[in-house]
Amino acid sequence: MQIINPATEEVIQDIAEDSPEAILKKFQSLKEGQPSWAAVPLKKRITCIERFYALLDEEKDTLSKTLTMEVGKPLQQSYNELNGARKRIEYFIKNSDRWLADEWITEEDATREKIVYEPLGIIANISAWNYPYLVGVNVFIPALIGGNGVMYKPSEYATLTGLHIQRLLYQAGIPEDVFQIVIGKGMAGQALLELPLNGYFFTGSYRTGRYIAEHTASKLVPVQLELGGKDPLYVMDDVEDIDSVAEAALEGAVYNNGQSCCAVERIYVHENVYDRFIDTFVSKAKKLAIGNPLDKATEIGPLSRKEQIDFLMQQVDDAKENGGKLLLGGGPLQQSGYFFPPTVVVNANHKMKLMTEESFGPVIGIQKVKDDQEAVQLMKDTPYGLTAAVYSKDFKRAEDVMKQMDTGTVYWNCCDRVSAGLPWSGRKSSGLGATLSYMGIRAFVQPKAYHLRG
Ligand code: NAD
């Protein structure tokens, strides 16, 4: 398997994929190691995670550079990702005790009752490339704290980062027979579906997620899916500071080159502020610095995968055919690397794929609406259900919209954000189950009910 730098198209490294036999061996070693890990006191398991937390900071320069080289993320955003991952780890370090402790239900009655939380066993963590640290720590940190063994399958586009993660976990004291990386593409992931694992925790596309759910259903083990989105943002006509709203919406649309699961993927603007919003949005988008992602001033780097260029081009062409007006961008830069500049289509409508299927790139459609009711109807017109954002100075009016969203997350005057203390969950085609918050700690354990007499 070749690791390619998307900014230069150069091969960074050739790396061997794991064969099904090698994956089976890794699984067998976890089978041996996991019970001893589960017997290690919780506090000691957390101590290893504290060391990992410190190592991420100590090695941040190397780790950020590797991440930028293999996925094309602007360097400053790689640093931000590491910081964000550390914040989540801190949450797990501080809160796991409370949610994993034995829970007495009745202590005084003749029959005493308590709940004990036991690990699931060995779980698969099949991961995406767009935020390998963030989406990784959502799973392998609480899984390890909970006493599980982890088969960690990083995306083939973030393999070197995956290897760093494994190295640092071992350095932090996680035993080798408790955490194993699986190197490879979809076939390596597929091999995990054949093994008798005790849970499947997947982050990636709807298509693969659904496939995994279907192919593991007969095992009757937990399956959690964090999938894609087509997240809307609605600008009401009472917003006062159009400049800062446009700034936030633009950042939500293009951060990480638009390759975020909760990126702003479509914007609806009330007709009273539509023209002003568009002028401000486009003038800001024009100023974004596109170029070498290793340069700290760069705001837009290359897309991570070459195929995505054609995919985005099809969306732009389709939008133009359906009445869209292209105000900025519209095609890849004619140079080496998978660079696609910020692209803005106005006069958007729901006949366009740009407004209905996940773009996963710095391409955005903006549609005019006449009132909140029309905005709500359009925001809900999607098979996805990850997040939805509303900008308004009136909380009651915004709340009315937020209540009608069938999404796991809603935002008022903010967007494209995840918090460790809140559950991260998608509805409909955006996923199943939740990570983060206390739910994301409990997701990796199973309850045992004790009925005690005598
Ligand atoms: P992907 O579905 O192509 O791949 C995800 C992982 O699945 C990779 O590790 C891949 O090797 C593996 N895989 C592929 N085929 C498999 C199979 N048959 N069996 C088992 N594993 C298999 O997704 P991607 O391109 O890596 O990620 C982008 C998608 O992820 C976008 O849709 C994005 O919105 C979504 N995403 C969601 C969240 C979230 O929290 N909801 C976070 C990040 C990314």
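## Basis of the model

Residues are numbered from 1 along each chain as its sequence is written. In this predicted model, local features need pLDDT of at least 70 and side-chain atom pairs count only at pLDDT 80 or more, while totals for chains, interfaces and linings use all residues, and side-chain values use heavy atoms, with hydrogens and water left out.

To the contact (heavy atoms within 4.5 Å), domain 1 contributes 26 residues and domain 2 contributes 29 residues.

About 2400 Å² is buried between domain 1 and domain 2, 56% of it on carbon and sulfur atoms. Buried area is the accessible area (1.4 Å probe) that two parts lose on being put together, summed over both.

One salt bridge is found across the interface of domain 1 and domain 2, a salt bridge being a side-chain nitrogen of Lys or Arg within 4 Å of a carboxyl oxygen of Asp or Glu. K306 forms a salt bridge with E9, and their closest N and O atoms are 4.0 Å apart.

## The domain 1 side

Two or more residues each on the side of domain 1 that touches domain 2 come from α3 (60–71) and α4 (75–100); helices here are DSSP runs (H or I, at least four residues), numbered from the N terminus. The most, six residues, come from α4.
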